[in-house]
Amino acid sequence: MSAISIRGLGKKFGSADVLRDINLEIREGEFLVLVGPSGCGKSTLLRLLAGLDRATSGQILQNGADISAHAPRERNFSLIFQNYALFPHLTVRNNILFGMKMRGEPKAEFPQRLKKVADLLQLQPLLDRKPAQLSGGQRQRVAMARAIVREPALFLMDEPLSNLDAKLRGEVRDGIMALHNTLKTSTVYVTHDQIEAMTMADRIAVLDGGRLQQIGTPEALYRQPANMFVAGFIGTPAMNILRIPFYDQQAWLVGQPIARLPDYHEAEVFFGIRPEHLTEFPGGDGPRLQCRVLRRELHGAEYLITLDTPAGQVQYRRENRGAVGDVGQRLTLSFSSRDSYLFSVSSQLNLLQEQ
Ligand SMILES: Nc1ncnc2c1ncn2[C@@H]1O[C@H](COP(=O)(O)OP(=O)(O)OP(=O)(O)O)[C@@H](O)[C@H]1O
């Protein structure tokens with residue numbers, strides 16, 4: 001069942017196409033993360049969903065009904081922004097109840113609904129404080145409480161963690177996930193941080209240049225990226241991409257055949273391998289790469305090693321155990337052909353994608 005259906009949605013600002021032909025289903029109860037680089041149109045899509053802006057083309061349906069022309073308050077969606085503006089002169093309690101009072105909801109329900117969200121977000125001890133007497137994380141919890149108390153059909157969150165320091169970000173993120181697991185309210189969560197997307201999402205929608213590039217589970221996007229953009233965007237450190245020759249219907253990495261593609265007709269192809277899929281311990285008869293260490297960075301449990309190869313530079317993720325190659329040292333890396341990717345030079349589409 002689909003809670004919200006986005007059909008052929010487009011948005012222009014003047015002559016600039018900021019969103020083009022977006023088709024997306026937001027399923028009942030799912031946590032959908034919208035991810036993409038700065039300026040790709042994430043916030044614009046969220047604003048269209050919220051009703052703060054009107055689309056130039058296409059429709060938004062809620063349980064089959066067209067809500068494209070509905071004003072924000074007719075939609076019963078709750079928005080949570082990075083700048084959660086709390087009223088400084090009101091207590092936490094009154095900040096949470098403010099919207100319900102404004103909408104003239106039945107007063108008799110206030111205590112019970114307040115108790116429910118305050119328990120859920122552990123705000124009971126803070127209800128009589130003013131926002132200035134709270135930490136950043138506590139303020140964010142109050143903003144969440146205010147959004148939840150109206151029991152919306154959909155949460156729209158625009159980078160709610162981006163103003164918090166690293167430790168707090170982890171805490172609030174865990175809080176949002178715990179809340180989602182309790183409430184199961186459909187959520188669209190916008191971020192430019194692919195790690196946040198990978199750890200939080202039921203499904204991720206990747207946006208670039210105003211177009212939806214791919215939508216799927218984090219695992220599917222990591223394993224089967226539809227194109228080179230998604231391949232480079234999902235996964236840290238990013239997938240290594242090398243431009244290599246293509247002839248005799250085969251891709252060739254330093255003279256070694258990588259894969260046969262009967263229907264590809266270009267002279268070159270992009271070869272992709274993730275840093276974590278390279279190894280110094282050759283097991284089988286997979287392809288090899290002769291490398292020289294250019295740089296190494298210690299990340300605690302592992303090193304990220306940058307290497308020069310005859311086909312270009314690659315990065316390699318190496319466990320911090322035993323002797324690790326020094327700068328200038330030569331290494332032979334190998335990998336399994338199963339872990340390689342090939343992308344068309346002209347369309348950048350994944351040529352090995354399973355159907
Ligand atoms: N009101 C507007 N008028 C004109 N152009 C706009 C307007 N709002 C957004 N844009 C442009 O639309 C594009 C998409 O903006 P949007 O804010 O949706 O991107 P974003 O993916 O959310 O970026 P970020 O991650 O930096 O917040 C940008 O190029 C932006 O300059």
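Biologist: What pLDDT does the protein chain average, and what share of the residues score at least 70?

Modeller: This is a predicted model, and the protein chain averages a pLDDT of 91, with 98% of the residues at 70 or above. The model also scores ipTM 0.95 and pTM 0.89.

Biologist: Happy to hear it! Why is Gln122 called exposed?

Modeller: Gln122 has 11 other C-beta atoms within 10 Å. A residue is exposed if that count is 12 or fewer, so Gln122 is exposed. Gln122 sits in the loop between helix H4 (110-120) and helix H5 (136-148).

Biologist: And why does Asp21 count as partly exposed?

Modeller: Asp21 has 14 C-beta neighbours inside 10 Å. Buried needs 20 or more and exposed needs 12 or fewer, so Asp21 falls in between and counts as partly exposed. Asp21 belongs to strand S2 (residues 16-27).

Biologist: What makes the phi of Asp21 worth a look?

Modeller: Most residues other than glycine have a negative phi. Asp21 is not a glycine, yet its phi is positive, about 45°. Gln122 has a positive phi too, near 55°.

Biologist: Which peptide bond is cis, and how do you know?

Modeller: The bond joining Thr236 and Pro237 is cis, with omega about -10°. Most peptide bonds are trans. Pro237 lies in the loop between helix H9 (228-233) and strand S11 (240-247).

Biologist: Last stop, the ligand. Which helix gives the most to the shell around the ligand?

Modeller: Helix H1 (residues 42-50) does, with three residues. The residues around the ligand include Lys42, Ser43 and Thr44, along with Phe13, Val18 and His192. The shell divides into three nonpolar, seven polar and one charged. In H1, the buried residues include Lys42 and Thr44.

How values were computed
Residues numbered from 1 in each chain as written. Predicted model: local features only at pLDDT ≥ 70, side-chain atom pairs only at ≥ 80, totals over all residues. Near = placed C-beta within 6 Å. Helix = DSSP H or I, 4+ residues; strand = E, 2+ residues; numbered from the N terminus. Nonpolar A, V, L, I, M, F, W, Y, C, P; charged D, E, K, R; others polar. pLDDT = per-residue confidence, 0-100.
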